[in-house]
Amino acid sequence: MLYSTILFDLSLALFAQGDVTKEHDDRLTTAVILDTPTTGSSTTPEGRAFLKLARVDDTTGSQIVEVIGEVGEQKLVPYPNDVWNS
């Protein structure tokens with residue numbers, strides 16, 4: 001149980017807004033900088049990153065997205081597509 005908690009906390013740290021990780025531990029890097037709140041994150045063994053976006057402010061749009069691109073130049077692409085996310 002402790003192992004899964006550590007992984008969950010690590011995934012949240014990797015998806016934190018801003019570059020707060022550098023002051024804490026050089027082994028951590030910022031993976032995503034968001035303007036939208038997220039309630040979940042996941043990665044594949046190949047390194048693909050996925051987010052569950054929160055829509056608590058009545059905004060519309062995709063809720064499950066894949067993160068494409070480098071930090072600072074990323075796009076959030078609806079996963080698996082726009083129709084499924086509508």
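1. The side chain of Glu-66 makes a polar contact with the side chain of Arg-48, at 2.7 Å. A polar contact here is a pair of N or O atoms within 3.5 Å; within protein, one atom must be able to donate a hydrogen and the other to accept it, and residues adjacent in sequence count only if both atoms are side-chain atoms. This is a predicted model, in which local features need pLDDT of at least 70 and side-chain atom pairs count only at pLDDT 80 or more, while totals for chains, interfaces and linings use all residues. Residues are numbered from 1 along each chain as its sequence is written, and side-chain values use heavy atoms, with hydrogens and water left out.

2. Glu-66 lies in strand E3. Is Glu-66 buried or exposed? Glu-66 has a relative accessible area of 12%, so Glu-66 counts as buried (buried is under 20% relative accessible area, exposed over 50%, partly exposed in between, with a 1.4 Å probe and protein chains only). Apart from neighbours within four places in sequence, Glu-66 is in contact with Arg-48, Ala-49, Phe-50, Lys-75, Leu-76, Val-77 and Tyr-79. Contact means heavy atoms within 4.5 Å.

3. The chain has two helices and four strands, and along the sequence they follow the pattern α-β-β-β-β-α. Helices (H or I, at least four residues) and strands (E, at least two) are DSSP runs, numbered from the N terminus.

4. The four strands form an open sheet in the order E1-E2-E3-E4, and the pairing is antiparallel. E1 and strand E4 (75-78) stand at the edges with a single partner strand each, so one side of each has no neighbour in the sheet. From one strand to the next, the twist averages 30°; axes are lines fitted to C-alpha atoms, for helices over the stretch in contact, and angles run from 0 to 180 degrees between N-to-C directions. Two strands pair if DSSP finds at least two bridges between them.

5. Strand E1 (residues 38-43) and strand E2 (residues 49-53) run antiparallel and are joined by five bridges. Gly-40 stands opposite Lys-52 in E2. E1 and E2 form a hairpin with five residues between them, and Gly-47 in the turn has a positive phi of about 100°.

6. E2 is joined to E3 by four bridges, and these two strands run antiparallel. Leu-51 stands opposite Val-65 in E3.

7. E3 and E4 also pair in the antiparallel sense, over four bridges. Which residue in E4 is the bridge partner of Ile-68? The partner is Lys-75. The hairpin of E3 and E4 has six residues between the strands, and Gly-69 there takes a positive phi near 105°.

8. Which residues make up the largest nonpolar core? There are seven in all: Val-32, Leu-34, Ala-49, Leu-51, Leu-53, Val-65 and Val-67. E2 and strand E3 (64-68) are the elements that give two or more residues to this core, and E2 gives the most, with three residues. A nonpolar core is a set of buried Ala, Val, Leu, Ile, Met, Phe, Trp, Tyr and Cys residues joined through side-chain atoms within 4.5 Å. In soluble globular proteins, nonpolar side chains tend to be buried together.

9. Ser-62 is found in the loop between E2 and E3. At 12% relative accessibility, Ser-62 counts as buried. Not counting residues up to four places away in sequence, Ser-62 touches Leu-53, Arg-55, Pro-78, Asp-82 and Asn-85.

10. Asp-82 is in helix H2 and counts as exposed, at 54% relative accessibility. The C-alpha atoms of Asp-82 and Gln-63 are separated by 9.9 Å, with the two residues 19 apart along the chain. Val-83 has its place in helix H2 (residues 82-85), and Val-83 is exposed, with a relative accessible area of 69%. From C-alpha to C-alpha, Val-83 and Ser-62 are 9.3 Å apart, while in sequence they are 21 residues apart.

11. Some totals for the whole chain follow. Buried residues make up 21% of the 86 residues. The accessible surface comes to about 6400 Å², of which 56% belongs to carbon and sulfur atoms; areas come from the Shrake-Rupley method with a 1.4 Å probe, and for residues only the protein chains shown count as cover. Among contacts between residues at least 6 apart in sequence, 16% join residues at least 24 apart.
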